[in-house]
Amino acid sequence: MTIHIGAKTGEIAQTVLMPGDPHRAKWAAETFLTDAACVNQVRGMLGFTGTWNGHRVTIQGSGMGMPSLSIYANELIRDYGARTLIRIGSCGAMQEAVKLRDVILAMAASTLSTPSRGIFRELNFAPCADYGLLRAAADAAVDLGVGAHVGGIYSSDVFYDERPDLTEQMERHGILGVEMETAELYTLAARYGCRALAVLTVSDHLKTHEALPAEDRERSFGDMVDIALRAAFA
Ligand code: HPA
C-alpha cells in the first residue's frame, strides 16, 4: 500500500495500462481481462489486475494532467515494480491528415513543462517512447485495420488553452495531437529504466472543431486497449 494506491504488495502486475478516467479502467478490465479484481479504490482512482492471454496486467486510472499521472506512475514503478507502462487516452488532433477516431502512437512528447522540470534546469530533455513498444503497437494497428499515425505530440498543462500562437507553431512543426500526460510518463520511464508508450484516440479536432459523440468513444477506446495489450506482449 502506498499513499495513493491501496493494492497490497504483489497485487500490481509488471505491465500497467493507464487510462486517465478510472471508469474506463473498470470498463477495459471487464471487457479485456480474465478474472479482473479491483486492487485500488483510493480517491476513486480505480485499478484492476487480471490476465490477458495468460499475461498478468493491471489497468490503473491516472487522473488528468501530468501532476496526477506522475503520482500514480511513480508509485507503480518505485513501490510495486511496474516495468511496462502504456497510457491509453484521448487527444485533440492538430493536423488535417489526422481524423477523428484515428489512433496516434506518440513517438515523442513536447511540453512547456513537466513535474520533472525542476531536475533538468537549462536542459530541454526530449521525452520519447520505448522503440520496441512503438514498433509493436504500429504492427498491431495494421493487423487490426485501425488508422494510426506515429509522430510527435504535445503534452499541455491546460485543456482550455489561451496560446493560439503556440498551437500554430506546433502545427507548423508537425505535432500530431495534444493531450495532458505523456511527457511526464516518458520522463519517468527514462529515469527508472522502464518501457513506456502512449496510445491515443483522437476525440476532438483543433482545426475542424469536430468532436467524437459519446457513444462512439467506447468503441474507439476498445481499439486502443487492444493495440496496447498486443504491443505489451508482442
Ligand atoms: N486538449 C488537451 N487535452 C486533450 C484534448 C485537447 O483538445 N482532447 C483530449 N485531451
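Predicted model: local features only at pLDDT ≥ 70, side-chain atom pairs only at ≥ 80, totals over all residues.
Mentor: Local features need pLDDT of at least 70 and side-chain atom pairs 80 or more, while totals for chains, interfaces and linings use all residues. Residues are numbered from 1 along each chain as its sequence is written, and side-chain values use heavy atoms, without hydrogens and water.

Trainee: Why is the pair of Trp-27 and Phe-221 called tilted?

Mentor: Rings of Phe, Tyr and Trp (its six-membered ring) pair if their centres lie within 6.5 Å; planes under 30 degrees apart are stacked, over 60 edge-to-face, the rest tilted. Here the centres are 5.6 Å apart and the planes 55°. So the rings pair, and the pair is tilted.

Trainee: Why is Phe-221 called buried?

Mentor: Buried means under 20% relative accessible area, exposed over 50%, partly exposed in between (1.4 Å probe, protein chains only). Phe-221 has 2%, so Phe-221 is buried. Trp-27 has 22%, so Trp-27 is partly exposed.

Trainee: What makes the pair of Trp-52 and Phe-233 stacked?

Mentor: The angle between the planes is 25°, with 6.0 Å centre to centre. That angle falls under the stacked limit, so the pair is stacked.

Trainee: How do you know that the charged end of Arg-24 sits over the ring of Phe-221?

Mentor: The rule asks for NZ of Lys or CZ of Arg within 6 Å of the ring centre and within 35 degrees of the ring normal. The charged end of Arg-24 is 4.6 Å from the centre and is assigned as over the ring.

Trainee: What makes a nonpolar core, and how many residues has the largest?

Mentor: A core joins buried Ala, Val, Leu, Ile, Met, Phe, Trp, Tyr and Cys residues through side-chain atoms within 4.5 Å. The largest has 69 residues.
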